Amino acid sequence: MSDNKIEIRNLYKAFGKKKVLDGVDLDVKRGESLVVIGGSGTGKSVLIKCIQGLLTPDCGSIKIDGEEVIGTKKDIHQKMGMLFQGAALFDSLSVWENVAFRLLENGKISRRKARLKAIQVLRQVGLAPDVADLSPAELSGGMQKRVGLARAVICQPEIIFFDEPTTGLDPIMADVINDLIIESARGLGASTLTITHDMASARKIADRIAMLYQGKIIWSGTVKEMDKSDNPYLRQFISGSSHGPIKVEV
Amino acid sequence: MQEKKNISSFLQAFGKPLVAFVINLGYFSRFVAKSIYNCFMPPFYIKLFCRQFMNIGFYSLPVVGLTTLFAGMVIAIQTYSGISKYGAESAVALVVLISVTRELAPVLSALMVAGRIGAAMAAEIGTMRVTEQIDALVTLSANPFRYLIAPRIWAAVVVMPLLVLFGDVIGIFGGYVVGIYKLDFNPANYINNTMTNLQAIDVMTGVVKAAVFGFIIAIMGCYHGYRSKGGAQGVGEATTNAVVSSSILILIFNYLITEVIFSR
């Protein structure tokens, strides 16, 4: 069996004339935490949506466990979990129903047992049981992210995606979420793919970092290699400078 | 050369919206086909169906009741003022009966429900779209068409005929109230006229129309919500489009169904 959990080859996606992914090649190894960095509008979210089947790529190949997923009829989501940027909790359901959504959907567990399991996972992400019956609208941004994380990990997925997990959070809460991501992923032995432009978060959670620029992966390596790299695009991005080869359209 | 340019810009001005219309029509046809297919595929979300049933049906009762009550009253007055000079007061009950059951109850109820429910559906699903809740459904292995759209379509198709039957009774009652208390008709004669002229085809026409209108309201609300984008403004546009398009379609289909049933 291949060492790669996810294999992406020659992936293209355009919206009209705008090329967003322009031949992406990327691997995520088993149990690895890969962080994709890149500026706003460079196609990070599109990449993650293509892997999840939320968008159909124009061409290329995405394999999970060696099986092609583009155009497959199989339910590829059973082995995946996802934490959305805005948490994307269902307003019409309570917190515990959100967390236990997949368990209830599968129908193999009673509502009482699903609620108990949801409360247990909520505890793991640092939320008290009395949060379970609240509505998502009653929670703060940080709490919503924790609930989103609980929902992503409750079925012990093999792959977890994190879409800008720390965006909109204060630095302390961002660090708490980073710790929870590391704990959850290591606890499950899952492969994770995180997209972010928060370098503090990337440094903390990444085994390996890849940089996406103009629809291509232009650099990849470990955090140590990143700090030593003389790639001008990478240097500009991690230093947060407006001067360099990356031009920002104003 | 100038003439060529003029022709080109003329064709562009008409061609662009035409192409956009055809593309949207394609999206819409695909959406309708997918929605109908998923209405018959398990899992069936009974709890969500019941919630929509209450939203569309029970909470629309006051609106439908008031609308059809006053419509029935107006028809009674207008009919009387129009035909009293020919000594045909007894026809008032018949005209109220036919107008309410065949046209007023189904059409007015549907327009009111389109405003109330079509807008709510578009806003709710549109908000779910722009906050990535629909994407979240997919990543949690739930089919959005079965989870969000099928329960709404089923509820609207089942509950609209019931709402229209309720509207029939209230509308006829409105005509009765005006006939008895304002036009001084004999109550027994009025009821007798109504019952004698009551035909199954009239009521069934209204029921069939109601089911079709229910489908239109749900599908337009869901479609515009599902395709909305661009945050609050996009959701606002989706809501407006859902109400306007369903209202127009209700009036078009009202004519078509009437034509099919009564043209002979």
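## Domains of chain B

The centres of domain 1 and domain 2 of chain B, taken over C-alpha atoms in this predicted model, are 31 Å apart. Domain 1 of chain B covers 1–40 and domain 2 covers 44–262, with bounds that come from an automatic or database domain assignment.

Where the two domains of chain B meet, domain 1 supplies 8 residues and domain 2 supplies 11 residues; two residues are in contact if their C-beta atoms, placed from the backbone, lie within 7 Å. On the side of domain 1 of chain B that touches domain 2 of chain B there are 5 nonpolar, 2 polar and 1 charged residues. Ala, Val, Leu, Ile, Met, Phe, Trp, Tyr, Cys and Pro count as nonpolar, Asp, Glu, Lys and Arg as charged, and the others, Gly among them, as polar.

## Contact between chains A and B

Chain A brings 14 residues to the contact and chain B brings 10 residues. On the chain A side, strand E6 (80–83) and helix H3 (101–106) are the elements that give two or more residues. Helices (H or I, at least four residues) and strands (E, at least two) are DSSP runs, numbered from the N terminus. H3(A) gives the most to this side, with 3 residues. By class, the side of chain A that touches chain B holds 7 nonpolar, 4 polar and 3 charged residues.

## Confidence and conventions

The mean pLDDT of chain A is 93, and 99% of the residues score at least 70; pLDDT is the predictor's confidence in each residue, from 0 to 100. Within chain A, confidence is lowest in helix H6 (residues 171–188), at a mean of 90, and highest in helix H2 (residues 95–99), at 97.

Residues are numbered from 1 along each chain as its sequence is written, while chains are lettered from A and ligands numbered from 1 in the order in which they are written. As this is a predicted model, local features need pLDDT of at least 70 and side-chain atom pairs count only at pLDDT 80 or more, whereas totals for chains, interfaces and linings use all residues.
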